[in-house]
Amino acid sequence: MGIPVRLHWTFLLVVLYIAWAFASFSQQVLGRTYGLGSIEPASLRWTYSLVFAVVLFACVALHELGHSYIARKNGINIHSITLYFFGGVSALEEIPRNPRLELQMAFAGPAVSGVIGSVSLILASLLGEGSAVAIMLWTLGLMNIILMIFNLIPAFPMDGGRLLRAWFATRMPYVKATRNAASIGKMFAILMFVLGLFSFNFILLFVAFFVYVGASE
Ligand code: ZN
């Protein structure tokens, strides 16, 4: 689509962290293996984990390109997409002041994650349980479904928060709709922060920080 996709330097650290995290556990989810920890020998486990981490970020890039595709189609210019440690950020020329367009744009990313997730889960189900490829596809599928659900949390500036603002904007001025969505976003950020603190979940703490700063801006 002619949109430059950039990698933030933190990306390298995170690919290694994600590979390590997924190589370190294995559990049963819905009757199939989630996590790459049971793949033997270790060299194969690490190779698959690294590939998994890179493919997962490719899925994040595709999620962002889902937003970009709808934006492009409606004449909005996308300067670039940058992949950070927890996801992607698209630099748009201007934010659409059109609730219908914003609804479509915000929904496109989670829709892409949902489709990738479903296809991966179906492919994994077709393969025999226990093979390294099946484990990787099942884990990838679940992660994409989690990405979809997580992004749909109504915490502005996340996708779900943008959907909420677009819905508000159909019944009040845009500035008021944005303020309301941002206030709800901050409430969710505080909730995520508390949950992250009690569960020692650092990713959740980072996302809470990101949502709070984003909503404040
Ligand atoms: Zn998104």
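How many of the 20 residues of helix 4 are buried? Keep that in mind while we look around.

Before you click anything, note that this is a predicted model, where local features need pLDDT of at least 70, side-chain atom pairs count only at pLDDT 80 or more, and totals for chains, interfaces and linings use all residues. Residues are numbered from 1 along each chain as its sequence is written, and side-chain values use heavy atoms, with hydrogens and water left out.

**Stop 1: the whole protein**

Show everything as a cartoon. You'll find seven helices and five strands, arranged along the sequence as β-α-β-β-α-β-β-α-α-α-α-α. (Helices are DSSP runs of H or I with at least four residues, strands are runs of E with at least two, and both are numbered from the N terminus.) The C-alpha atoms fill a box of roughly 60 × 40 × 35 Å along the principal axes. Of the 217 residues, 44% are buried, meaning under 20% relative accessible area; exposed means over 50%, and partly exposed lies in between (1.4 Å probe, protein chains only).

**Stop 2: helix 2**

Now select residues 42-73, which make up helix 2. This helix has 32 residues and reaches 46 Å from its first C-alpha to its last, close to the 46 Å expected at 1.5 Å a residue. (The expected span is 1.5 Å times one less than the number of residues.) Just after helix 2, pick glycine 75: its phi is positive, about 80°.

**Stop 3: helix 4**

Next, select residues 132-151 for helix 4. Here's the answer to the opening question: 14 of its 20 residues are buried, so helix 4 is largely enclosed by the rest of the structure. Its end C-alpha atoms are 28 Å apart, which agrees with the 28 Å that its 20 residues should span.

Zoom in on asparagine 144, which sits in this helix. Is it buried or exposed? Asparagine 144 is buried, because its relative accessible area is 0%. Leaving out residues up to four places away in sequence, asparagine 144 touches Cys59, Ser113, Ile116 and Gly117; a contact means heavy atoms within 4.5 Å.

**Stop 4: helix 6**

Finally, select residues 174-198, helix 6, and find isoleucine 190 in it. With a relative accessible area of 48%, isoleucine 190 is partly exposed.
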